[in-house]
Amino acid sequence: MFDLRKWDENYVNNFYYILGSIVFGSLLALAVIYLNTDLFGMRVSLFFFLLLAVPSIAMVFAALTIFRLASQAEHSKAKQSYQILEITRRTLPYLRKGLNAESASEVINIIHRQTDAVAVSITDRTTILGFRGVGEDHHLVGKPILTRATKDSIETDTTRVLGSKAEIGCPMVNCKLKAAVVVPLEKTGKAVGSLKFYYDNPKKLTESRIAVAEGLGQLLSTQIELSELERQRELTYHAELRALQAQINPHFLFNTLNTITAFIRTDPRKARKLLVQFSDFFRKSLEWKDVFITLAQELDYIANYLVLEKARFGDRLDISFDIDNDAQECILPALTIQPLVENAVKHGFCEERELEISIIARLADNNMQITVADNGRGISEEDLDQVIKFGYGKGSGIGLSNVNERLRSIYGEDYQVKIESTLGVGTRALLNIPISRSKENETA
């Protein structure tokens with residue numbers, strides 16, 4: 001089909017010049033014939049007049065129509081650009097917080113007001129983060145994605161244009177959504193969610209609407225990317241600050257010194273051993289500069305920490321290690337497991353029984369699977385969803401949230417800390433880390 005918008009600008013200008021020349025020449029010929037009717041006779045001149053008049057008039061109307069189409073095309077492009085930029089400007093403050101339910105709700109409110117889509121939705125890879133418009137009664141926020149097409153768009157990282165209710169694939173029989181454009185939202189080159197525009201008529205799937213959807217998807221993806229970079233910078237700052245606080249934790253320092261002081265009077269030999277352990281622990285803390293270390297190094301650091309805590313709590317604290325030999329030289333971010341153990345000691349004690357902590361490391365499915373489990377007081381259901389959120393809880397050590405955010409930042413969304421807990425029974429923290437060997441071990 002003829003599409004003026006795809007023409008090169010110079011080609012269009014040349015076409016207009018040729019068309020204008022033809023029209024001008026035709027009108028000039030008409031004028032000559034009309035002025036010389038006496039030379040050729042009235043009947044002959046009238047015949048030639050009509051012969052040239054009809055196509056000339058048609059050419060004039062054609063020229064006006066083409067000029068009008070060209071003007072409309074440029075106006076449509078300008079309107080689309082303004083619409084996309086205006087939506088981007090208004091959504092920017094919210095997407096600075098990243099892609100989550102709160103930001104998605106604000107963003108789709110803006111998009112729904114600024115476009116003629118009957119419904120707008122934003123999802124992450126598995127869940128509906130926000131939905132506005134027709135279908136709100138069953139496309140529920142916080143619930144799993146319903147439509148097959150959305151899952152396919154995210155999985156293949158491609159835009160899907162859906163021209164029928166069947167293509168959308170909503171399982172609700174009475175759903176009024178009959179057409180849609182699904183655009184993947186990307187972060188670091190990978191689809192992390194989707195932006196969806198729904199319509200009640202497939203005829204509304206025009207080229208301009210699809211272009212607006214894709215343009216918005218690209219700009220929102222850029223905003224998400226920028227928010228991730230900002231978040232990583234903040235995480236780096238907080239990680240450094242909290243690591244220093246954890247390395248010289250005043251409470252841990254005073255408690256350990258008080259324990260050693262007590263043993264000086266009752267068991268001087270044990271007091272000397274504890275002082276050696278104490279100095280070794282803090283020396284490693286202060287000298288530790290590597291971002292990544294081996295599991296063996298992390299476990300050695302944990303062992304020193306637990307010797308000091310064991311001296312303080314005595315028989316009330318029992319520690320066990322179950323580590324695959326092949327996992328010892330696998331690398332992981334420094335201070336990944338120690339905070340989990342420290343958290344178990346700090347919050348796990350209950351009066352009914354001694355606190356048992358087990359640290360397990362297994363290699364399976366190309367991952368190092370690490371578990372830190374205790375039989376302590378456990379975590380309530382209300383707090384369980386909060387413990388890995390940044391800023392939750394008190395204390396100067398590296399919290400679960402910091403460990404979780406570092407793992408997500410380094411390895412991706414599939415490598416978050418998982419917490420399982422039952423109040424009064426105990427807690428398990430589970431980590432998955434891609435297997436990567438230390439260079440020293442690879443060359444050995």
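Me: Which residues have the most contacts inside the largest nonpolar core?
Reply: This is a predicted model, in which local features need pLDDT of at least 70, side-chain atom pairs count only at pLDDT 80 or more, and totals for chains, interfaces and linings use all residues. Residues are numbered from 1 along each chain as its sequence is written, and side-chain values use heavy atoms, with hydrogens and water left out. A nonpolar core is a set of buried (under 20% relative accessible area, 1.4 Å probe, protein chains only) Ala, Val, Leu, Ile, Met, Phe, Trp, Tyr and Cys residues joined through side-chain atoms within 4.5 Å. The largest one has 48 residues, and those with the most contacts inside it are Leu295, Leu332, Ile337, Val341, Ile359, Met368 and Ile370.

Me: Which strand pairs with E9 in the antiparallel sense?
Reply: Strands are DSSP runs of E with at least two residues, and two of them pair if DSSP finds at least two bridges between them. Strand E7 (residues 317-323) runs parallel to E9 (residues 355-364), joined by seven bridges, with Glu356 of E9 as the bridge partner of Asp318. The eight antiparallel bridges of E9 are with residues 367-374, strand E10.

Me: Which residue in the turn of the E9 and E10 hairpin has a positive phi?
Reply: Two residues lie between the strands of this hairpin. The one with a phi of about 55 degrees is Asp365.

Me: Is Phe292 buried, partly exposed or exposed?
Reply: Phe292 is found in strand E6 (residues 292-294). Exposed means over 50% relative accessible area, and partly exposed lies between that and the buried limit. Because its relative accessibility is 39%, Phe292 counts as partly exposed.

Me: What share of the residues of the protein chain counts as buried?
Reply: The chain comes to 14 helices and twelve strands. Of its 444 residues, the buried share is 41%.

Technical notes. Helices (H or I, at least four residues) and strands (E, at least two) are DSSP runs, numbered from the N terminus.
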